[in-house]
Amino acid sequence: MGILLLHSSVVDTRVAAEPIGIRSQSFDGPNPEFRYSFETENDISQSAEGTMRNVDGADVVVMQGSYSYVGVDGNTWTVDWYADETGFHPSAPFLPKSVEPIHPEIKAAVEAQLRFAAEEDAAAAASSRSESYAAPLAGYGSY
């Protein structure tokens, strides 16, 4: 009986990237209000400011800012944004936009689904404050 020995070697050919320096940075704080900004040697920049807000008895940080970078196409791409208790909201002309349905039937179906989702959210919020079950809402599926 013969034994076949295989030898394999893996050579790591990755090269460590050069560190990217920071041209400028600032930070004004501490919480509950703050402001910061930075810019790197490869033209990435970011700035933001935030403050504390009380929403339904909970303290949340509300922020707004922007960031930008130079794309492979040589253009500078900038995104403005805000973040609050409803989530992160970016805004830029190159980001995808909602598309309006072109057929009335589709538009009606989309609106019905959005209404139904809002009614479900409202019912869930109401039922979480009580011990009773929220029955299905009337009108679902009708236009």
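This is a predicted model: local features need pLDDT of at least 70, side-chain atom pairs count only at pLDDT 80 or more; totals for chains, interfaces and linings use all residues.
The protein chain contains 1 helix and 6 strands. Read from the N terminus, its elements follow the order β-β-β-β-β-β-α. Of the 143 residues in the protein chain, 12% count as buried.

The strands form an open sheet of 6 strands in the order β1-β2-β3-β4-β5-β6, and the pairing is antiparallel. The edges of the sheet are taken by β1 (22-28) and β6 (87-91); each has a single partner strand, so one side of each is left without a neighbour in the sheet. On average, and with direction ignored, neighbouring strands of this sheet are turned by 15° against each other. In general, the strands of a sheet pair through backbone hydrogen bonds, in either a parallel or an antiparallel manner. Here, strand β2 (residues 34-40) pairs with strand β3 (residues 45-55) in the antiparallel sense, over 6 bridges. Within β3, Gly50 is the bridge partner of Phe34.

The charged side chains were examined next. Side chains of opposite charge can pair when their charged atoms come close. The count comes to 4 salt bridges. One of these joins the side chains of Arg23 and Glu39, at 2.8 Å from N to O. Arg23 belongs to strand β1 and Glu39 to strand β2, so this pair ties together parts that are 16 residues apart in sequence. Arg23 is partly exposed, at 45% relative accessibility, and Glu39 is also partly exposed, with a relative accessible area of 29%.

Arg23 forms a salt bridge with Asp43 as well, and the closest N and O atoms are 2.7 Å apart. This pair links distant parts of the chain, with Arg23 in strand β1 and Asp43 in the loop between β2 and β3, 20 residues apart. Asp43 counts as partly exposed, at 35% relative accessibility. The backbone of Asp43 has a phi near 65°, a positive value in a residue other than glycine.

A salt bridge is also found between the side chains of Arg35 and Glu49, at 3.4 Å from N to O. Arg35 lies in strand β2 and Glu49 in strand β3, so the pair connects parts that are 14 residues apart in sequence. Arg35 is partly exposed, at 47% relative accessibility, as is Glu49, with a relative accessible area of 31%. Through shared partners, salt bridges join Arg23, Glu39 and Asp43 into one network.

A positive phi also occurs at Asp56, where the value is about 50° although the residue is not a glycine. Asp56 is placed in the loop between β3 and β4. Asp56 has a relative accessible area of 80% and is therefore exposed, the cut-off being over 50%.

Strand β4 (residues 58-70) includes Tyr69 and Ser68. Ser68 has a relative accessible area of 11% and is buried, whereas Tyr69 has a relative accessible area of 34% and is partly exposed. The side chain of Ser68 makes a polar contact with the side chain of Ser45, at 2.8 Å. Tyr69 contributes to a nonpolar surface patch of about 440 Å², together with Ile44, Tyr67, Phe88 and Phe94.

Methods
Residues are numbered from 1 along each chain as its sequence is written. Side-chain values use heavy atoms; hydrogens and water are left out. Two strands pair if DSSP finds at least two bridges between them. Helices (H or I, at least four residues) and strands (E, at least two) are DSSP runs, numbered from the N terminus. Axes are lines fitted to C-alpha atoms, for helices over the stretch in contact, and angles run from 0 to 180 degrees between N-to-C directions. Patches are made of residues with over 30% relative accessible area and no salt bridge: like charges are joined within 9 Å, nonpolar side chains (Val, Leu, Ile, Met, Phe, Trp, Tyr) within 5 Å. Accessible areas come from the Shrake-Rupley method with a 1.4 Å probe; for residues, only the protein chains shown count as cover. Buried means under 20% relative accessible area, exposed over 50%, partly exposed in between (1.4 Å probe, protein chains only). A polar contact is a pair of N or O atoms within 3.5 Å; within protein, one must be able to donate a hydrogen and the other to accept it, and residues adjacent in sequence count only if both atoms are side-chain atoms.
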